[in-house]
Amino acid sequence: MNSRRDRNARASLFDGIEEGGIRASSSYSSHEIDEQENDRAMDGLQDRVNLLKRLSGDIHEEVESHNLMLDRMGNDMDASRGVLSGTMDKFKMVFETKSSRRMFSLVVSFVVIFLVIYYLTR
């Protein structure tokens, strides 16, 4: 409902404006526009300026909230990247410092445990 009102307000924002300015009434020439016509035109322009001000304020708030959200997401990504790189460094250290004999015995023990569990559940 609110977006429909905003669309109607935006559509009416430029009603009555031509390239050369505000349309003059057909009964008046460009030199004979009276004060009431000028006052109505000024009120219409003031309403349009207020609408544009409100819309630009809403856009500003939306941009600010998105910037905050992106900053938080960037910080979270940096933190997860740090954790992941630390984990990878630990894996590298484990694989580099352990001898191949220990690694072989670890793999064999896992295979043996798996086979024992398999035969027990069968």
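## Salt bridges, an aromatic pair and a surface patch

Aspartate 78 is partly exposed, with 45% relative accessible area. The model described here is predicted. Aspartate 78 makes a salt bridge to arginine 81, with 3.1 Å between the closest N and O atoms. Arginine 81 has a relative accessibility of 53% and counts as exposed, because the cut-off for that class is over 50%. Aspartate 78 and arginine 81 are 3 residues apart in helix H2, so about one helical turn separates them.

The structure has 2 salt bridges. Glutamate 37 is partly exposed at 27% relative accessible area, whereas arginine 40 is exposed at 54%.

The table lists the two bridges.

| Aspartate 78 | Arginine 81 | 3.1 Å |

In the model, residues 103-121 are 100% helix and 0% strand. Helix H3 covers residues 100-121 and includes phenylalanine 114.

Which residues form the nonpolar patch on the surface? The patch consists of Val107, Val111, Phe114, Leu115, Tyr118 and Tyr119. Together these residues have about 630 Å² of accessible area. Phenylalanine 114 counts as exposed, with 57% relative accessibility.

Two members of the patch, Tyr118 and Tyr119, also take part in ring contact. The structure has 1 aromatic pair, formed by tyrosine 118 and tyrosine 119. The ring centres are 5.6 Å apart and the planes are at 65 degrees. Why is the pair edge-to-face? The angle of 65 degrees falls in the edge-to-face class because that class takes planes over 60 degrees apart. Tyrosine 118 is partly exposed at 44% relative accessibility, while tyrosine 119 is exposed at 55%. The two tyrosines fall on either side of the cut-off, because exposed means over 50% relative accessible area.

Methods:
Residues are numbered from 1 along each chain as its sequence is written. This is a predicted model: local features need pLDDT of at least 70, side-chain atom pairs count only at pLDDT 80 or more; totals for chains, interfaces and linings use all residues. Side-chain values use heavy atoms; hydrogens and water are left out. Helices (H or I, at least four residues) and strands (E, at least two) are DSSP runs, numbered from the N terminus. Rings of Phe, Tyr and Trp (its six-membered ring) pair if their centres lie within 6.5 Å; planes under 30 degrees apart count as stacked, over 60 as edge-to-face and the rest as tilted. Buried means under 20% relative accessible area, exposed over 50%, partly exposed in between (1.4 Å probe, protein chains only). A salt bridge is a side-chain nitrogen of Lys or Arg within 4 Å of a carboxyl oxygen of Asp or Glu. Patches are made of residues with over 30% relative accessible area and no salt bridge: like charges are joined within 9 Å, nonpolar side chains (Val, Leu, Ile, Met, Phe, Trp, Tyr) within 5 Å. Accessible areas come from the Shrake-Rupley method with a 1.4 Å probe; for residues, only the protein chains shown count as cover.
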